[in-house]
Amino acid sequence: MIRVNDIQKHFGALHVLRGITFEVQKGEAIVIIGPSGSGKSTLLRCINLLVEPDSGQVFIDGVQVNRHGIRHEWVRQQVGMVFQSFNLFTHLTAIDNVTLGLTRVKGMPHDKAVQKARELLARVGLAVKENAYPAELSGGQQQRVAIARALAMDPKAMLFDEPTSALDPEYIREVLDVMTALAREGMTMIVVTHEMGFASNAASRILFMDAGKIVEEGTAEQIFQNPKEDRTRSFVSKILR
C-alpha cells in the first residue's frame with residue numbers, strides 16, 4: 001500500500017532523512033519509535049507530501065506520488081493524517097468539521113455528508129457531541145473529531161503523528177482505543193508515538209529510527225524484548241524502565 005524508497009531530506013545543512021526505505025502492506029499498522037529529532041515526523045510528512053523529499057520515491061498503492069503531475073490534494077485524499085494539534089476549525093461544530101471536506105472536496109450532497117459524518121462521529125464515540133464546538137470539547141474529544149474528519153475522505157491509509165502528545169493523561173486512552181480499533185479493523189496505518197503500550201498491542205511491526213535512519217525493525221516482541229542493535233537496546237531500556 002505504501003512504499004518508500006531511499007528518501008533523503010535536508011533542511012539547510014541539517015540532513016534529516018538519510019536513505020529511508022520500507023514498505024507497508026495493506027492492513028498493516030506500522031509504529032515508528034525513536035528519540036526526538038530522529039526524523040519520524042518529517043518522514044510522515046514526506047509520505048503525504050506536506051514536505052517534499054529531496055530525492056527518492058514515495059508510492060501509494062503502486063502510484064509514485066512525488067513526481068511531476070501528481071496533485072498534492074489527491075495524495076492527501078489517499079492518505080489521511082492526524083497531527084499532534086487537532087487543527088479543527090474553531091468556528092464550526094464537530095459535525096461541520098467532518099462534513100466540510102465531504103462537501104467541498106468530494107462534492108457530496110449536504111444531506112449525505114451529514115449522514116456519513118454522523119456515522120463517523122458514532123464510530124469514534126462522539127455521536128452525542130455533533131453540535132459541540134471545539135472549545136466545548138476535551139482534548140481527547142477534539143482529537144477523535146480530527147480522526148473522524150480524516151476518515152471521512154475514505155483514505156487508503158492513515159498517518160498519525162504523535163496524536164496523543166498534546167493530551168492530558170486522562171484523555172490519552174480514549175484516542176488510543178479508537179486507533180487500536182482502526183488497526184484491528186484492517187486500516188493501513190503508520191503511527192509515530194511514544195505510547196509503547198499501544199505499540200505492543202496494535203503494531204504489526206515497529207520501526208526504530210535514530211539520526212535519520214531506520215536502525216532496526218521487527219515485531220513488538222523482537223524490538224522490546226530482544227533487540228539486535230545496541231542503539232535500539234539502549235533506547236528501549238530507557239523507555240521501558
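Which residues of helix α1 are buried? In this predicted model, the buried residues of α1 are K40, T42, L43, L44, C46 and I47, so that, by the cut-off of under 20% relative accessible area, six of the eight residues in this helix, which spans residues 40-47, are covered. After α1 comes L49, whose phi is positive, near 65°.

**The sheet and helix α1**

The model contains an open sheet of four strands, arranged in the order β2-β1-β4-β5 and paired in antiparallel fashion. Its edge strands are β2 (14-24) and β5 (63-64), each of which pairs on one side only. Helix α1 packs on this sheet, where it touches β1, β2 and β4 (55-60), and the direction of the helix makes about 60° with that of β2. Strand β1 (residues 2-11) runs antiparallel to β2 and is joined to β2 by eight bridges, with F11 standing opposite L14 of β2.

In soluble globular proteins, nonpolar side chains tend to be buried together. The largest nonpolar core of this model has 51 residues, and those with the most contacts inside the core are I147 and M189. Helix α6 gives the most to this core, contributing seven residues. A second, separate core of 30 residues includes I2, I20, I32 and I70. Setting aside residues up to four places away in sequence, M189 touches V24, E28, A29, I30, M158, F160, M179, L182, A183 and F198.

| Residue | Relative accessible area |
|---|---|
| T180 | 11% |
| R144 | 10% |

T180 is found in helix α6 (residues 169-184), and T180 counts as buried because its relative accessible area is 11%. Apart from residues up to four places away in sequence, T180 touches F198 and A202; F198 is also among the residues that M189 touches. T180 and G34 are 146 residues apart in sequence and, from C-alpha to C-alpha, 20 Å apart in space.

R144 has its place in helix α5 (residues 139-151) and is likewise buried, because its relative accessible area is 10%. Leaving aside neighbours within four places in sequence, R144 is in contact with V124, G125, L126, E174, V175 and V178.

Notes
Residues are numbered from 1 along each chain as its sequence is written. This is a predicted model: local features need pLDDT of at least 70, side-chain atom pairs count only at pLDDT 80 or more; totals for chains, interfaces and linings use all residues. Side-chain values use heavy atoms; hydrogens and water are left out. Helices (H or I, at least four residues) and strands (E, at least two) are DSSP runs, numbered from the N terminus. Buried means under 20% relative accessible area, exposed over 50%, partly exposed in between (1.4 Å probe, protein chains only). Contact means heavy atoms within 4.5 Å. A nonpolar core is a set of buried Ala, Val, Leu, Ile, Met, Phe, Trp, Tyr and Cys residues joined through side-chain atoms within 4.5 Å. Two strands pair if DSSP finds at least two bridges between them. Axes are lines fitted to C-alpha atoms, for helices over the stretch in contact, and angles run from 0 to 180 degrees between N-to-C directions.
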